[in-house]
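Please look at the structure shown here and keep it in view while reading. The paragraphs below go through it part by part.

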Amino acid sequence: MINLHWLYVLAGFVFAGFAFSSAREGSNKKRWGNAAFWGLVAASFWFGDLLGDLGNGVLVLALVAIAGAHLLGRGSRQSTTTQERIESSDRLGNKLFLPALIIPFTAFVGTLIFNYTPLKGSGLIDPKAVTLVLLGVGIITSLAVCYAWLRPPVMAPVYEGGRLADSIGWALVLPQMLASLGAIFAAAGVGTTIGALAGDIIPHGSIFLAVLLYALGMVAFTMIMGNAFAAFPVMAAAIGVPILIHADGGNPAVIGAVGMLAGFCGTLMTPMAANFNVVSAALLELKNQYGVIKAQVPTALALLIVNILILYFAGFHL
Amino acid sequence: MTYWALLGILLVVIGFALRFNPLLVVAVAAIATGLLGGMDFVKVLGTLGHGFNENRYVTITYLVLPVIGILERYGLQQRARTLIGRMRAATTGRILIFYLAFRQLLAAVGLIAVGGHAQMVRPLVAPMAEAAAEKQHGKLDEATSEHVKAMSAATDNVGVFFGEDIFLAVASILLIQGSLKGFGIELTPFQLSVWAIPTAICAFLIHGTRLLLLDRKLGRRGQ
């Protein structure tokens, strides 16, 4: 069965390639920091399950030390000049989009095929990993097309990918780090403490204030944890179920669904949701690492008001 | 139960606000929270390492970088710009509204993986939005160019967040169903996902309006 471990082996090779390409970049003073960082990520993908929890913890500390000591840095390497790129874009035309579209197309068609043919029951692909496996298939297909059509130097994908990885830098492993922070928060009982606090300050008698506190609690806790999934069970247990559903008789489907969506408004406003908000800024090479969040705040606040109104009117007055 | 563990949250907020390296902030907050929550250092380090190892799948998305890199080498971003340059009706706002609708609709039928920052926004959406902005506005100053790029990323996020819950089998719907079931409240995914529709429509209207306002702003400054 094709499962996540196949992808981890592949990822190990890709990040080892990035490490190699970083180390080869003679003009960048921080090349050894970059190389060590990607090398450790490659080691994590290859050997993570053999290192044990403590070994992985030490690996995490090493990554943090490299990033914290500012040993990572983007180089000045450019593979082709802007002029060369314009010329090659004119020569190749709109066909250049096709390899890029193979990846989403594979995800699209693959998901349909997996869900609506006997493939699902065949055991060829682990159902839990199907999205990521299809991503991997799309990437390999696209890369094969690029080699056959564009005939780049053999190592070019590794160098080009490494160039992009260096420009993202430490932000690339931040989502994973935040997931482990979430595990520590859970183990230390942070969620239950916040739930109890929210439950203590709940105003009695006013449905609107209770709705407001529920929605704002979802937003605040989502901003702290970086995703609404961690916040929902806590806020449901503290306010949603005992107050809004049981005491005030709210519609459970609205309280559940729209409560989660109020949390999503929080996701738009926090650097803790790193893969959406911080990595994206790094990928676009924005000067302000919080630029994407800044662009999202007006939409998020307006939608939060909408969600509060839906919770109040649809939850209690329909 | 100890309130001391909440100090870790404070550390995160302060660390991010003062713009220390986020990896460092998160590691310090994790260790402080664990120690204050009553774990010993070895246990904290083990929990941190375990969490990191279990969540490696989050980083798999970046396997796409070699493909995007090689296509950029052959002028993909320039191609995206040329294409937009030739479309007379293309404006930044219209391009991003189209992408917002595309992302919301595909997410609503469960195709969350179609799109995303590495695959779509950096190589295609952002260069197209920027090229259109240059047509409307003339040469972009740095602040405007940053804002157009940031809005491109924001549009991807808004689209996927407020589309995906309409799909029945998405993780968050299943989580809501599971959490409420724990309290004896039985709901079907369908009952939950219909309530994602009003917010999805409002998300399209609100963010779409902001994108049209962005167009007006770009047009005005160009004159």
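The model is predicted: local features need pLDDT of at least 70, side-chain atom pairs count only at pLDDT 80 or more, and totals for chains, interfaces and linings use all residues. Residues are numbered from 1 along each chain as its sequence is written, while chains are lettered from A and ligands numbered from 1 in the order in which they are written.

Chain A is assigned domain 1 (4–170) and domain 2 (189–316); such bounds come from an automatic or database domain assignment. Taken over C-alpha atoms, the centres of these two domains of chain A are 33 Å apart.

Two residues are in contact if their C-beta atoms, placed from the backbone, lie within 7 Å. By contacts, 99 residues of chain B meet 120 residues of chain A. On the side of chain B that touches chain A, 63 residues are nonpolar, 27 polar and nine charged. Here Ala, Val, Leu, Ile, Met, Phe, Trp, Tyr, Cys and Pro count as nonpolar, Asp, Glu, Lys and Arg as charged, and the others, Gly among them, as polar.

A residue is buried if 20 or more other C-beta atoms lie within 10 Å of its own, exposed if 12 or fewer, and partly exposed in between. A nonpolar core is a set of buried Ala, Val, Leu, Ile, Met, Phe, Trp, Tyr and Cys residues joined through C-beta atoms within 7 Å. The largest nonpolar core has 185 residues, and A:L174, A:M235 and A:A257 have the most contacts inside it. Helix α11 (residues 228–247) of chain A gives the largest share of this core, 13 residues; helices are DSSP runs (H or I, at least four residues), numbered from the N terminus. Neighbours within four places in sequence aside, A:A257 is in contact with residues of chain B, among them B:D165 and B:W195.

A:L174 is also one of the buried residues of α8(A). In that helix, 11 of 14 residues are buried. After α8(A) comes A:G189, with a positive phi near 75°.

Helix α1 (residues 4–23) of chain A has buried residues including A:L7 and A:F15. The buried residues of α1(A) pack against α2 (31–68), α6 (130–150) and α7 (156–168) of chain A, together with α4 (65–73) of chain B.

Is A:I201 buried or exposed? A:I201 is exposed because 9 other C-beta atoms lie within 10 Å. A:I201 sits in the loop between α9 (190–200) and α10 (207–225) of chain A.

Note on methods: Helices (H or I, at least four residues) and strands (E, at least two) are DSSP runs, numbered from the N terminus.
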